Amino acid sequence: MLPGGAGAPEVVRPATTAEVAATLRDRPGAVLVRGTATKLAWGGEPRAVDLVVDTTALAGVVEHVAGDLVVTVRAGTTLEALDAAVAPFGQRLAADPVVGPGAAGRGTVGGLVATAATGPLRLSVGAVRDLLIGAEVVRADGVVARAGGKVVKNVAGYDLCKLLTGSWGTLAVLTAATFRLHPRPAATRWVLVPELPTGAVVGAIGALRRSQLAPAAVEVDWAGGHGRLAVLIEGTEEGAGARADAAAALAGGRPAPAAPPWWGRPPWPAGGTGLRVTFGLSGLAPLLDAVDATGLPWAVRGSAAVGVVHAGVGPDHEPAAVAAAVVAVRAAAARAGGQVVVLDAPAPVRAEVDVWGPADGLAVMRRVKAAFDPGGRLAPGRFVGGI
């Protein structure tokens, strides 16, 4: 997804924050930032882009304060490289985002923050916005700003870290991020719950959520009115085993030696349509019923215990039918207090439906965009409302 004007956009590969700043200061035109491109096709398609800032050379750990469970890392660092750097200290960045089908790796730190991509561990550690405690960015005019951890200069009046998370590269170019880390668990145990009707699946999720077992993750894999669960228990060797046994008894499952093959994987194939669906927890059952009622063979996977799942359908359906189904699911999600974003879809489907849908607070988002990027240079059109 690299639209351009007269030709392909210029690609630059800065290795430092200063080089990013000089690039934005000296080169006019619209800018798109990319890392390893695992999520480049997600979201809205930006309008004509003149310059692509490739962050893959902007990589590496800046500082790791193991005693404080804090790490500062450059934005082009892959999540695998970050994990390898902190693992010897018994630590991890507990972010495990779902990426598109066929993606080579889990993406970069910058992509994680830009898309606010979530994964199974959100139940126990929170969302990306809860893990990001500091940021270094370059504004569209080339000015460097820092906020949060390791503060040098704050952007007065804004919580920059929260604003950047999920902004899809439309506010500033992230060059470094500071994260709160978590200890690696001494033991992990898995519980698999076999296929059950929708009502029983929803009941098992609720029972696990209300229990004192503190599962690290509860994931659902659902299609056609039936679903199965996978539960991750983390802790000490003795404690995790006992809690896993209790979770199995509570949810009607059994202990298992490993995660199921669908764990953390997107539910749509290459060329298909993928949605991110949020909802209030009490609205899960009617939402799944609404998905089933569209008549298309949607698969739904994700963290139903925190109200975030992904839904997907293959490419062999009429674009108008897929778009109509998205509208129906979007209405059901709204009734459940959530929303639907079309993350990935072929061009004919995108032409039929707004990938973002209606958004509360759009006027405020436009004002924030105008304050950070008054010229509209950064990823123009990629975010909600054409921001």
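## Overall dimensions

A compact globule of 387 residues would have a radius of gyration near 21 Å, and the chain of this predicted model agrees, with 21 Å. The radius is taken over C-alpha atoms, and the globule rule is 2.2 Å times the number of residues to the power 0.38. Along the principal axes, the C-alpha atoms fill a box of roughly 60 × 55 × 35 Å.

Of the 387 residues, 52% are buried (under 20% relative accessible area, 1.4 Å probe, protein chains only). The chain exposes about 15400 Å², 56% of which is supplied by carbon and sulfur atoms; areas come from the Shrake-Rupley method with a 1.4 Å probe.

## Confidence

The pLDDT, the predictor's confidence in each residue from 0 to 100, averages 94 over the chain, and 96% of the residues score at least 70. Residues 151-156 have a pLDDT below 50, and this stretch has 13 contacts in the model beyond near neighbours in sequence (contact: heavy atoms within 4.5 Å). Where pLDDT is low, the predicted coordinates should not be read in detail.

## A three-stranded sheet

An open sheet of three strands has the order β1-β3-β2 with parallel pairing. Strands are DSSP runs of E, at least two residues, numbered from the N terminus; a pair needs at least two DSSP bridges. The edge strands, β1 (10-12) and β2 (31-34), each pair on one side only.

Three bridges join β1 to β3 (residues 51-54), and V11 stands opposite V52 in β3.

## Basis

Residues are numbered from 1 along each chain as its sequence is written. In this predicted model, local features need pLDDT of at least 70 and side-chain atom pairs count only at pLDDT 80 or more, while totals for chains, interfaces and linings use all residues; side-chain values use heavy atoms, with hydrogens and water left out.

Definitions and conventions. Helices (H or I, at least four residues) and strands (E, at least two) are DSSP runs, numbered from the N terminus. Buried means under 20% relative accessible area, exposed over 50%, partly exposed in between (1.4 Å probe, protein chains only).
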